[in-house]
Each structure stands twice: as structure tokens, then as C-alpha cells.
Amino acid sequence: MNLLNIIKEIETVDPEFNERISPRRAAIKNITSFGSKIAIAALPMAFATLFKKAYGQQSTADVNAVLNFALTLEYLESEFYAAGTNSTRSALFTTQGQSTAAASALLRIAGDENAHVAFLKSVLGTAAIAKPAFDFTAKGTFPTVFTNYDTFLAVAQAFEDTGVRAYKGQAPSLVGNKVVLTAALNLHSVEARHASHLRQMRRGRATSIAASAMKPWITGTNDTGIGTSVDAIYAGENNVSQSGVTITSIMGVGGNISTNAATEAFDEPLTKAAVLAIVTPFLA
Amino acid sequence: MEKLTYAEEKKEKAFLSASLQRRSFLKYAGAGAASIALLAAGCDKDDEINGVYFGTGDIAILNYAYALEQLEAAFYTQVVATQYASITAMETSYLTDIRDHEIAHREFFKAALGVNAIAALEVNFSSINFNSRDSVLATAKAFEDLGVSAYNGAGFLIQNPEYLTLAGKIVSVEARHAALIRDLISNGTFVGTDVLDGYAMEKSRSPSEVLAIAGAYIKTAINVEGLPTY
């Protein structure tokens, strides 16, 4: 009986064998064991098969590319919030009406983004890209990003809504990958929670008619009141057809589902190329 | 070779979930998989409980999502139909939006599943006081947070990339709902350590874990024997 057969036997008798031999479950919560996926190439074939079951069919290079793409966005957000919540900016924004609740929400989000960076860096190890230098004015598009509280919130919202679409767009390339896909999804929904709150914060500020009508979910395309500079972030969000089902043909309560609700009910993905085009102006 | 591995894995998963099903999923929470497997060894096909059958593989997962969306849609339909005391205009507007989103999700799954769609499930909301803002929002929070953790936890079980993308399109909307509902309860609680781990990542749940919670609100007997879980 060779090693492969032994393992198969064990799997048949003890369904929890996979669970124990692979650190996948703990890995999602514990970064020290997550990194062990790097060692796949060094394992004998039988073990590699077991690991593939746990980690999906993607090559390490492909997975790292996705993780570094995510890390780029998390670096961007992390540095952005760090700059916007430092004592100088915080004092300035307070003079512009930033409430205590708003300040703590931004600190909360800043902390989350820092944790996301720490997570991705730990997973990638030496494969992690270095933090790029950023230009948060986006080459002059948002010259007052750190001197005007409302501009700061606008850029924050733009980043969060972009992050949601970016993670979503990468999901299909991680099909079946318990550890990395699950991690990506667990990051993705946190960005959506941030986006929801920032949209409410901006609605409360009512800087424009559009902003004062804005909801925690995306209605149609660019519903932000920020202007055409963020159109690309919302391109395609007005889709009302999902896998051949026309959502506006669905009967709701007292009539069909409205176009607004149909677009709000489904967030759309963005390709990596589209995300990079959005992010590039923010790279120094 | 890959195909063979996949088929074996499916068999293994089906075996596990079948074991869970035979014990009735409401009762297995907290039980170890090993002890369940032992119990299952003494069962044969005739012991299977009757219930709405979810199918296997991706179909089962889509039906699982459909079941959760049925629950949410029914809940918000009731919330908007019998509004709690002192509801504000903004709350009505948000809750109506969410109702429509959940109906859109529910009917989308029904249409996408076609003949494979499970029947409409009967819900049990007897524990919810629809006249009470606290009760309604606490339930909404539980449902939304559960929904997010359910989609996140089932993502890797989905084999078809198109279905995975669809789940992704829906889960972030559920997360937007969750954040809003939590902020309505207490502003600034859009995320929290109750739903995040130490890396500020959402805690996901397996289908078994989700159904153990959601089961309390589903009156119809369900058969999730073929539903992949872990």
C-alpha cells in the first residue's frame, strides 16, 4: 500500500483527517499557519493533493497576484485614513463640523484597513509588494482632500465603493479556494460595511442634492454628487439583468421591482484593469 | 485525475451532510462530526426525514441562498406591512428599499434555479414582535449579519464562477444592509468585533452553522442532505 492509498484509507475512515492535517480552518483566523500554503511545492504529491483540496486549483503565482492587487488597494486606504485621522487633520475637520461620532467611525475604519494590510502582508510574506507612494489629490482632481472635510469623505467613499467592486471582480479567479477566496470574501464584506457607513455620513452632510438623497447602497450609476471624476467607479452599476433574469420584471409589493431597487440589489464587479485605471491617478 | 478527486470530495461531503441531515439539523449544533458519522453508520436510506430537498452541489447552494432570501424577504415584507410604533420616514424608506432588494434576490434565485428551485418555505416569526422597533431591528441585524456570514462561508463551495460572482454581487448588498441596520440601532456600530476577527475580516459561517441558526425561523421541513458543508 503506497502513501496515497494510506491517506485515502484514512480519509474514508476518518472524515476529519483532512481538517486536521490541513491548517486551513485555523488558517483563516491565524496568520502564522496561513503562510504554510507557500510550502506546497515542497510537499510530496499525496500531500500536495490534500492541500489542493483545501486551497483550490490556482497556482501560487496566480493567488499571489490577486493578494498583491488587494494589498495595493488596502495600502491606499490605510495610508489615506491614517493621513485623514492624524491630529492636525482631525482638529481641522472638527472646525468644519466633523462630529465625535464621525471621527470615531473614521478611526474605526482606519484600524480595519491597517489590519487588512497586516493580514495580506503576512500571507504574502516576501512576495508582498512594497507600499507605493500615493498622491491623494489624484493629480489635482481633489486638491483639498486633506483640507476640506467633505472632499475627504468623498474620496473615502470612492475608495470603499471601488474596493467592494475590486474584491468582487477577483472572486472567480479563486473558485474553490477555501482559504484565499474565503479571506477575500471576508475582506470584501467589510469594505461594503465601510461604504455603507460613509455613504450615510456624506448623506448627513448634504453637500449636494445628490449627496443628500444618497443611500447606503448604490442607486443606478454615479449617485454620489461628487462629479464626473468618479464616474468610472460606478460604471455598470445600473445593470438590471442578472444571469438572464430581468430584475425589473420581478413582481414586488404593489408593482414590479423598480429600476432603482433593481440596481441597488446587486453590486457589480470591476475587472482588475478597470480598478487599476481608477487607482492609477492616486499613485504618485 | 482532477475530476476523480472532485467526485470523491463530493461524495465525502454528501456523506457528511447526509449524516447531519439524518439527525435533523436543528439538533446537531455542538455535536462533533465524528460522533455524527458513527450514528449515521447505523442509519439507512429509509431513515431520511422527509422535507423540501435542496439538491446537490451548486444547485443545493443556490437553493440554500434562495431559502435565506425567502426568510429575509418574508421578514421585511411583514416589517413594512405592519410598521412598528414611532417609525420615522427615513426608516420606512430604508426598510422598504431593503424589502425590495430581498424580494429581488429571492425571485432572482427562483427564476435562475427554474425547475430545480425549492418550494416556498413557510416561516415562523413567532419570536418577533413586529410592533417593537427593538425587536424588529434586532432581528434584522441578526438576519443581515447571518446572511453575510452565510454567503462568505459558502463561497468556496460554489464550483461555477458565474454563480460565485452572483453570490458576490448579493453579499456586499447584504453587508450594506447589515451596516445600516446596525447604525440604526446604534450609530457607529456598522462593524464590530462581534462580526470581525482579529484582522478586521468578517467571520464566516458554514451552511451547517447557518442553518442551525436560521432553522428556528423556518417551519417547513427541509432536506439538506446534498448541500455541501464543512
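By contact I mean heavy atoms within 4.5 Å of each other. With that in hand, 67 residues of chain B are in contact with 72 residues of chain A. This is a predicted model, so please hear everything that follows as computed from it.

I'll start with the interface. The size of an interface is often given as the accessible area lost when the parts come together. For chain B and chain A that comes to about 5,600 Å² buried between them. Carbon and sulfur atoms account for 63% of that area.

Now the polar side of it. Between chain B and chain A there are 27 residue pairs in polar contact, counting pairs with both residues at pLDDT 80 or more. Which elements of chain B give two or more residues to the side that touches chain A? They are α1 (2–22), α2 (33–41), α4 (89–113), α5 (133–154) and α6 (161–185) of chain B. The most comes from α6(B), which puts 19 residues into that side. By residue class, the side of chain B that touches chain A has 34 nonpolar, 17 polar and 16 charged residues.

On to charge pairs. The rule finds six salt bridges across the interface of chain B and chain A. One salt bridge to look at on the screen joins the side chains of A:Arg193 and B:Glu202, at 2.7 Å from N to O.

Next, a helix in chain A. Helix α8 of chain A covers residues 100–124, which is 25 residues. From its first C-alpha to its last, α8(A) reaches 36 Å, close to the 36 Å expected at 1.5 Å a residue. After α8(A) comes A:Gly125, with a positive phi near 60°.

Further along, in the loop between α8 and α9 (149–170) of chain A, is A:Ala138. A:Ala138 also has a positive phi, about 55°, although it is not a glycine. Is A:Ala138 buried or exposed? Its relative accessible area is 6%, and the cut-off for buried is under 20%, so A:Ala138 counts as buried.

B:Ala200 is not a glycine, yet its phi is positive, about 55°. Where is B:Ala200 found? B:Ala200 sits in the loop between α6 and α7 (207–214) of chain B. B:Ala200 is buried, with a relative accessible area of 6%.

To go back to where I began: the model is predicted, and chain B and chain A bury about 5,600 Å² between them. That is what I have.

Technical notes:
Residues numbered from 1 in each chain as written. Chains lettered and ligands numbered in written order. Predicted model: local features only at pLDDT ≥ 70, side-chain atom pairs only at ≥ 80, totals over all residues. Heavy atoms only, no water. Helix = DSSP H or I, 4+ residues; strand = E, 2+ residues; numbered from the N terminus. Expected span 1.5 Å × (residues − 1). Buried area = accessible area lost by both parts, 1.4 Å probe. Salt bridge = Lys/Arg side-chain N within 4 Å of Asp/Glu carboxyl O. Polar contact = N/O pair within 3.5 Å; in protein donor to acceptor, adjacent residues only side chain to side chain. Nonpolar A, V, L, I, M, F, W, Y, C, P; charged D, E, K, R; others polar. Buried < 20%, exposed > 50% of the residue type's maximum accessible area, 1.4 Å probe, protein only.
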